[in-house]
Structure formats: structure tokens, C-alpha cells
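Colleague: Please take me through this structure one topic at a time, beginning with the strands.

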Amino acid sequence: METVELHKQKDLKQAVAILLNEEWPRSMTARLHSLDKSTEHKWPVSLILITQSEDSRTVIGHSRLSLVQGRKQACFVESVVVNKARRGQGLGRRIMTDTEDYAKNHGFTRIYLSTHDKQDFYKHLGYEFCKPVCTLGASAHLMSDEMFEKMFGKQDEDEPNNGLHVHDSKTGSNDQATNEKLGTVTINSPAADLSPEHLTQEHAQNPNFTSTPPPPPPPPPPPQSKMANTKDARMDPNKISWMMKTLR
């Protein structure tokens with residue numbers, strides 16, 4: 001069993017297309033065209049996990065790596081799939097490990113992915129939640145990092161826990177510039193300064209004092225989609241998690 005580059009095993013391209021279409025149905029023509037994007041000196045790259053006997057080779061897994069815009073040392077796992085008949089045998093972990101090793105061998109120090117139902121699996125592999133990143137897949141070469149930076153600004157290094165920071169006025173953790181950049185709110189103690197008793201005292205001392213009215217209640221949630229109980233509901237973008245791992 002080994003993981004190899006698809007563009008060096010072109011005779012297996014049809015088998016890879018069938019494997020992918022069993023998980024994500026698509027026209028065979030479009031699927032084969034997408035797989036053709038994996039080449040020797042160009043991203044994205046498709047990796048395949050194969051078993052080999054004396055007279056045949058079988059594709060049992062596939063992963064695809066692409067570049068991350070604005071982050072020269074980062075790559076993105078576009079997809080990972082294992083043959084349905086071979087699941088539950090640790091092959092998902094195997095192909096992810098091989099994919100990470102491939103990324104490290106090509107100079108990447110961070111690897112990103114997104115998932116809507118496998119958060120626990122990736123957490124066990126060492127991934128942490130992070131902010132979204134931008135990837136253009138096979139079109140990444142159309143936008144240089146310099147152009148991306150001019151349009152969207154320099155991309156900061158990610159922090160765990162979705163990159164969110166909370167300033168603690170007691171410990172002084174985090175700085176003002178970081179809070180302003182991330183749009184966080186600094187809460188000063190004691191909280192009693194905002195209590196009704198405090199507002200009453202202010203009103204007594206200053207007749208012209210007016211308190212800010214409370215914000216309006218949030219709108220009701222939208223009605224549930226008719227396809228909420230179908231397989232398509234898994235692709236709700238509001239439920240997608242972004243995760244990253246530092247490669248060592």
C-alpha cells in the first residue's frame with residue numbers, strides 16, 4: 001500500500017474519477033477534466049492511495065492539495081475520500097498522514113482544510129479551528145501573492161480557537177491594536193458600572209442624563225429549508241468549519 005501522485009499513474013485516472021463520483025456525483029467528463037489539472041510542476045496535485053498485487057493495482061483513497069492565496073508556505077486540502085468498502089480500517093488517517101508528509105516535503109509549514117461533518121476526526125489528527133482562508137484551486141496561478149496582498153491586505157498568521165481574542169482587563173492580555181484589528185470589545189471591570197443602580201445615581205446627579213436604550217431583539221430565525229432532512233443539507237455553508245495544522 002502506498003500513496004503516489006496521480007499524474008505519474010495516469011492509467012488509474014478513470015478509477016479515481018469513479019471513486020470521487022461515488023462520493024460527489026458529477027459528470028465523468030468534468031471529473032476527468034478536473035483530474036487533468038494535477039501535473040508535475042503545477043498545483044493542485046492529486047494523491048492516490050493504492051494497493052498492489054502481482055497483476056493489478058486498486059485505488060482505495062484520494063486527496064487533493066492546492067495553494068492558499070497570500071500564504072506562500074501554506075497549502076489547502078481540497079478533498080479527501082476513501083473507498084466506501086474500505087472505511088473503518090484507518091485508511092483516512094493513513095492518507096492524511098501521507099498528504100501532510102507530501103506537503104512538508106514541498107516546503108509547506110501549514111496545512112488548511114474545511115469540513116462540515118468530520119471536525120472530531122481532524123481534531124484527533126492535530127487540527128485546530130481557524131479563520132477561513134482563500135484558495136483558487138486550479139486557478140491559483142492567475143493571481144500572484146503580490147496581487148492578492150494589494151487587493152486584500154497581508155494575511156496574518158492564524159491563532160487557535162477561530163482566531164478570536166478576548167481582552168482581560170485584569171491580566172492585560174492582548175493589546176489594543178490586536179483588539180481593534182479583530183473587532184473585539186474590551187470589557188472593563190467592574191461590571192457594576194453598567195448596573196441599573198449606577199444609571200439611577202447618574203440621573204439624580206444630572207437631570208439631563210439619558211441612558212442608551214437597549215438594542216432591539218434579534219430577528220426570528222428563517223424558516224427551515226425543505227431539504228433540511230436530506231443529504232444536501234450537510235452542505236450548508238453556515239455549518240462549515242475551517243481548520244489548520246502546523247507541519248513539523
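Colleague: Over how many bridges do strand S4 (residues 74-82) and strand S5 (residues 110-115) pair?

Modeller: The model is predicted, so local features need pLDDT of at least 70 and side-chain atom pairs pLDDT 80 or more, while totals for chains, interfaces and linings use all residues. Residues are numbered from 1 along each chain as its sequence is written, and side-chain values use heavy atoms, without hydrogens or water. Strands (E, at least two residues) and helices (H or I, at least four) are DSSP runs numbered from the N terminus, and two strands pair if DSSP finds at least two bridges between them. S4 and S5 run parallel, and the number of bridges is four.

Colleague: Which residue of S5 is the bridge partner of Ala74?

Modeller: Ala74 falls within S4, residues 74-82. Its bridge partner in S5 is Arg110.

Colleague: Which residue of S7 stands opposite Leu113?

Modeller: S5 is joined to strand S7 (residues 241-246) by six bridges, in the antiparallel sense. S6 also pairs with S7, antiparallel over two bridges, and there Phe129 stands opposite Met243. The residue opposite Leu113 is likewise Met243.

Colleague: Which are the edge strands of the sheet?

Modeller: Seven strands form an open sheet of mixed pairing, in the order S1-S2-S3-S4-S5-S7-S6. Two of them pair on one side only, namely S1 (2-5) and S6 (128-129).

Colleague: How are H1 and H2 oriented, and which residues of H2 make the contact?

Modeller: The axes (lines fitted to C-alpha atoms over the stretch in contact, with angles from 0 to 180 degrees between N-to-C directions) of helix H1 (residues 13-23) and helix H2 (residues 28-35) come within 10 Å and cross at roughly 120°. Contact means heavy atoms within 4.5 Å; H1 contributes Lys13, Gln14, Val16, Ala17, Ile18, Leu20 and Asn21, and H2 contributes Met28, Arg31, Leu32 and Leu35.

Colleague: Why is Thr51 classed as partly exposed?

Modeller: Thr51 belongs to strand S2 (residues 45-52) and touches Met1, Ser56, Arg57, Thr58, Ile60 and Arg86, leaving aside residues up to four places away in sequence. Buried means under 20% relative accessible area and exposed over 50%, with partly exposed in between (1.4 Å probe, protein chains only). Thr51 is partly exposed because its relative accessible area is 21%.

Colleague: What is the C-alpha to C-alpha separation of Thr51 and Gly61?

Modeller: Thr51 and Gly61 lie ten residues apart in sequence. In space, their C-alpha atoms are separated by 9.7 Å.
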